[in-house]
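Please read the notes below alongside the coordinates. They are set out as numbered points for checking one by one.

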Amino acid sequence: MTDEAVLRIHGVIGHGKTPHHPALPAGRAGLAFTWLPARGDQSATVALFGTGTVGMPHAVVYGGYLDGAILVVAIHLATGQVYASAPVDSDVVPLSARRLDPDAAVASASPLAQKMSMTTHFNADLAVLLGLPAEGGDYGVFLWLDDLTTPVQRVHVPENAARRAPAASRPAAVELTVGGAAHAPARGEEAIALEWAPGKARLVGSLAASALDREPDSAREPPPLTVLALCQRSRALGWHSTPVAERMRKAGGHSFEVDPGALVQCAVPPERRFALAVLGGLGPAVAVIPPGEPAR
């Protein structure tokens, strides 16, 4: 691709539909995005174009602040480092400051509001929005809104010495056990499964055996397994990435368990939590933890 063919963008966030935005099937709620190599205000970057259409309960809970509830997530495929941000300008009041009460919003919604749907279109300089480092790299990128996600797309972010990224978030110090879950969830057609086990107060997941295969003609191990947890009201986010392939081979099983309370601490009163698991381009698999469930 010649330099003249690379998309040129200005600023970090844009709103409104463009020819680059993906279309969702009519009448269907969900998220979608496309991306293109671009040149931004800080030179080489990636432009992301996101679309979201939601109905009940998301439209009632988030209303006109829908963009603030959507997370753009990028996971470095080699290290598992996580970068995430809502596609809103820095001067927008964050959703965590709006005293969100999802259950009250749903309970008080009128019959008309319950049938309401909302659509949003946004675009972003991916590297600047997420504070990606100046070094180039391959990332697994997806959109996340509570129990809704897009598939992971592999995105190459070019090196750009002009980027001045802030300090990256740090992983939570958790113990992720592998291979010993007696009641690992069935995967069905998915390569990763994740569910909340109330009796154990744990997130329990499983991987397809094929997820641990090395890349063709490569000695490299699969990417790390990344587990994230998000608090719905406070928007607190925690994550942990760890290599699991060799550990699972030794354990003779493809299950894993983690304590979501160690991933992220939610506010009081109890919040609904959403968790997901990703391995490279596989996932995300989402689990919902109801409010009031113990963290441990």
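1. Basis. This is a predicted model, in which local features need pLDDT of at least 70 and side-chain atom pairs count only at pLDDT 80 or more, while totals for chains, interfaces and linings use all residues. Residues are numbered from 1 along each chain as its sequence is written, and side-chain values use heavy atoms, with hydrogens and water left out.

2. Domains. The protein chain is split into domain 1 (13-157) and domain 2 (176-289); the bounds come from an automatic or database domain assignment. Between the C-alpha centres of domain 1 and domain 2 the distance is 22 Å. To the contact (heavy atoms within 4.5 Å), domain 1 gives 28 residues and domain 2 gives 25 residues.

3. Buried area. Domain 1 and domain 2 bury about 2,000 Å² between them, with 66% of it on carbon and sulfur atoms. Buried area here is the accessible area (1.4 Å probe) that two parts lose on being put together, summed over both. Of the area that domain 1 buries against domain 2, 26% is supplied by W144, D146 and V152, more than by any other three residues.

4. Polar terms between the domains. Two salt bridges are counted between domain 1 and domain 2, a salt bridge being a side-chain nitrogen of Lys or Arg within 4 Å of a carboxyl oxygen of Asp or Glu. Seven residue pairs are in polar contact between domain 1 and domain 2, both residues at pLDDT 80 or more. A polar contact is a pair of N or O atoms within 3.5 Å; within protein, one must be able to donate a hydrogen and the other to accept it, and residues adjacent in sequence count only if both atoms are side-chain atoms. On the side of domain 1 that touches domain 2, the elements giving two or more residues are α1 (58-62), β5 (71-76), β6 (82-85), α3 (102-107) and β8 (137-145). The largest share of that side of domain 1, three residues, comes from β5. Helices (H or I, at least four residues) and strands (E, at least two) are DSSP runs, numbered from the N terminus.

5. D146 and R235. The side chains of D146 and R235 form a salt bridge, with 3.9 Å from N to O. D146 sits in the loop between β8 and β9, and R235 in the loop between β14 and β15 (237-242), 89 residues apart. Are D146 and R235 buried or exposed? Both D146 and R235 are buried, where buried means under 20% relative accessible area, exposed over 50%, and partly exposed in between (1.4 Å probe, protein chains only).

6. Other salt bridges. The count of salt bridges comes to five. Among them is D103 with R272, whose closest N and O atoms are 2.9 Å apart. D103 lies in helix α3 and R272 in the loop between α7 and β17, so this pair ties together parts 169 residues apart in sequence. D103 is partly exposed at 42% relative accessible area, and R272 is partly exposed at 23%. Another pairs D138 with R154, the closest N and O atoms being 3.4 Å apart. D138 is in strand β8 and R154 in strand β10, so the parts tied together are 16 residues apart in sequence. D138 counts as partly exposed, at 28% relative accessibility.

7. Disulfide. The structure has one disulfide, defined as a pair of cysteine sulfur atoms within 2.5 Å. C231 is joined to C266, with 1.9 Å from S to S. The torsion about the S-S bond of C231 and C266 is about -85°, so the disulfide is left-handed. C231 lies in strand β14 (residues 225-231) and C266 in the loop between α7 (260-263) and β17 (273-279), so the pair ties together parts 35 residues apart in sequence. C231 is buried at 0% relative accessible area, whereas C266 is partly exposed at 25%.

8. T150. T150 lies in the loop between β9 (148-149) and β10 (153-157) and counts as buried, at 2% relative accessibility. A polar atom of the T150 side chain is 3.0 Å from the backbone nitrogen of L143. Leaving aside neighbours within four places in sequence, T150 is in contact with L31, A32, F33, F142, L143 and P284.

9. I192. I192 is in strand β12 (residues 192-197) and is buried, with a relative accessible area of 4%. Leaving aside neighbours within four places in sequence, the contacts of I192 include S206, L207, A277, V278 and L279.
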